Amino acid sequence: MTLSAYQLTLGYQSNIIIPSVSLTLHAGEITCLVGANGCGKSTLLKALAGVLKPRQGTITLNEKPLKDWSKKALAKEIAFLPQDPMAPDDISVYQLVSHGRFAYQGLLGKVTQKDVDAIENALKLTGMTKYKHRSFNHLSGGERQRGWLALCIAQQAKLLLLDEPTTYLDIGHQYEILSLLRALNQQQQLTIAMVLHDINQASQFADRIVTLQHGNIITDDTPINAVNEKMMMKVFGIDVEMQTRRDGNKIYPLAIPLGAR
């Protein structure tokens, strides 16, 4: 599974956010999109998910243009979680997660045993089985985020595109969600691309960091090569002290803020 963008121009109305970007997401990797507010991270992710139509350029999935995929066929390949998803009032966790199966259901929307198995497996993987009969909107922020991830997993897509999946969560729940995503990547061989604001979390959990500035990609490399004093000053305008940490077999950089210029 390869998702590639070629010379994309993206924007809203007359406002161009991304003038020209090319990018390929590689199977089995966790890629983090980082950069200052307004640099185009979310815009790029929406285009890759097929939600935002490019002004110019092409996006291909397995060398087939994204525009030529049907909605259901694309949903079997790509699951997209926007930054602020909304759930209907009084929907249960199980009902929410079951929406991830729409791509597999016929005209009558009949639920099959395969659908049930996929829903139950998604609940299990995200630790949400015990909450499946609860009202989704009565859950905590961390529980709701795991519920949204369960919906994406129920799609059985090979690629997850996540826009700031740790937004509004405390640091404990942030690491819970990121650890879950890494486990899904390793155990289910899912390819994951996500927008993150915390550069140190991106360094720890990503195989690859893509840094955007003013709609352009300025770095695309492993965390240890992408994150350094020069990049942090150029992109975020902040002095840092760089350290390294080990997480299993991975050595990753840690940026300690010293002050802004």
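User: Is Tyr 168 buried or exposed?
Analyst: This is a predicted model, in which local features need pLDDT of at least 70 and side-chain atom pairs count only at pLDDT 80 or more, whereas totals for chains, interfaces and linings use all residues. Residues are numbered from 1 along each chain as its sequence is written, and side-chain values use heavy atoms, with hydrogens and water left out. By relative accessible area (1.4 Å probe, protein chains only), a residue is buried under 20%, exposed over 50% and partly exposed in between. Tyr 168 has a relative accessible area of 69% and therefore counts as exposed.

User: What phi does Tyr 168 have?
Analyst: Tyr 168 is placed in the loop between S7 and H6, where helices (H or I, at least four residues) and strands (E, at least two) are DSSP runs numbered from the N terminus. Most residues other than glycine have a negative phi. Although Tyr 168 is not a glycine, its phi is positive, at about 70°.

User: Where is Gln 13, which has a positive phi of about 50°?
Analyst: Gln 13 is not a glycine, yet its phi is positive, at about 50°. With 72% relative accessibility, Gln 13 counts as exposed. Its place is in the loop between strand S1 (3-12) and strand S2 (15-25).

User: How many Å separate the centres of domain 1 and domain 2?
Analyst: The chain is assigned domain 1 (2-77 + 157-257) and domain 2 (89-156), with bounds that come from an automatic or database domain assignment. Taken over C-alpha atoms, the separation of the two centres is 25 Å.

User: Which residues of domain 1 lose the most area to domain 2?
Analyst: Domain 1 and domain 2 bury about 1,500 Å² between them, with 68% of it on carbon and sulfur atoms; this buried area is the accessible area (1.4 Å probe) that two parts lose on being put together, summed over both. In domain 1, the residues that lose the most to domain 2, together 30% of what that side buries, are Lys 72, Lys 76 and Leu 180.

User: Which side chain meets that of Arg 146 in a salt bridge?
Analyst: A salt bridge here is a side-chain nitrogen of Lys or Arg within 4 Å of a carboxyl oxygen of Asp or Glu, and across the interface of domain 1 and domain 2 the rule finds 1 salt bridge. At 3.2 Å, N to O, the side chain of Arg 146 forms a salt bridge with that of Glu 176.

User: Which element gives the most to the side of domain 1 that touches domain 2?
Analyst: The elements that give two or more residues to this side of domain 1 are helix H2 (71-75), strand S7 (159-163) and helix H6 (171-187). With 6 residues, the element that gives the most to the side touching domain 2 is H6.

User: Which residues is Asn 200 in contact with, leaving aside its neighbours within four places in sequence?
Analyst: Asn 200 is placed in helix H7 (residues 199-205) and is buried, with a relative accessible area of 17%. A polar atom of its side chain lies 2.8 Å from the backbone nitrogen of Ala 255. Contact means heavy atoms within 4.5 Å, and, with neighbours within four places in sequence left aside, Asn 200 is in contact with Pro 253, Leu 254 and Ala 255.

Definitions and conventions. A polar contact is a pair of N or O atoms within 3.5 Å; within protein, one must be able to donate a hydrogen and the other to accept it, and residues adjacent in sequence count only if both atoms are side-chain atoms.
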